[in-house]
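Okay, everyone, thanks for coming. I'd like to walk you through a few residues in one structure, so let me put it up on the screen.

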Amino acid sequence: MKSFFVFLLLFSFVYGGDSHYKNDLSYLNLSNTQKVKMEHILKEHRHALQNLREYKHDLEENKEKLFLESVLDEDKIRVINAKINEYSTKIEINFFKKTHELLTPEQRKKFEKYIEDWKIE
């Protein structure tokens, strides 16, 4: 029975219908060529997000060390935060640029409705 529910869940992601799940792109009705290209874009994006998590973790450790010092250096914390934001923004722009280039104007309108799902927090 459990495998049946897993199948239904996977089926709904693949064949989508009118419902929308986060990161489900079936509503865009991508061509086969677009699907292959989008899979590559998504794989690259997931890898970039993993790198961001590692980068952010390292910088957060640096912030923790700064907090333990006798005098808090606000400028160093600002620099760390700016580095995280800059890296995050670079990843987001790269993903949106490649997705924009891949989609037709009609698909972009559909994608835009769910763009919040793809923003990096």
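So, where is the place of M38? Have a look: M38 sits in helix 2. And keep in mind as we go that this is a predicted model.

Now, is M38 buried or exposed? M38 has a relative accessible area of 2%, and because buried means under 20%, M38 counts as buried. What is M38 in contact with, once we leave aside its neighbours within four places in sequence? That would be L25, L30, T99 and L102. There's also K98 to look at: M38 and K98 are 60 residues apart in sequence, yet C-alpha to C-alpha they are 8.8 Å apart in space.

Let's stay on helix 2, which covers residues 32-68, and go to D58, which is in that helix. D58 has 44% relative accessibility, so we call D58 partly exposed. That's because partly exposed runs between the 20% limit for buried and the 50% limit for exposed.

Last stop, helix 3, residues 74-102. S88 is the one I picked there. S88 comes out at 11% relative accessibility, so S88 is buried. And what does S88 touch, not counting residues up to four places away in sequence? Two names for your notes: L52 and I120.

Terms used. Residues are numbered from 1 along each chain as its sequence is written. This is a predicted model: local features need pLDDT of at least 70, side-chain atom pairs count only at pLDDT 80 or more; totals for chains, interfaces and linings use all residues. Side-chain values use heavy atoms; hydrogens and water are left out. Helices (H or I, at least four residues) and strands (E, at least two) are DSSP runs, numbered from the N terminus. Buried means under 20% relative accessible area, exposed over 50%, partly exposed in between (1.4 Å probe, protein chains only). Contact means heavy atoms within 4.5 Å.
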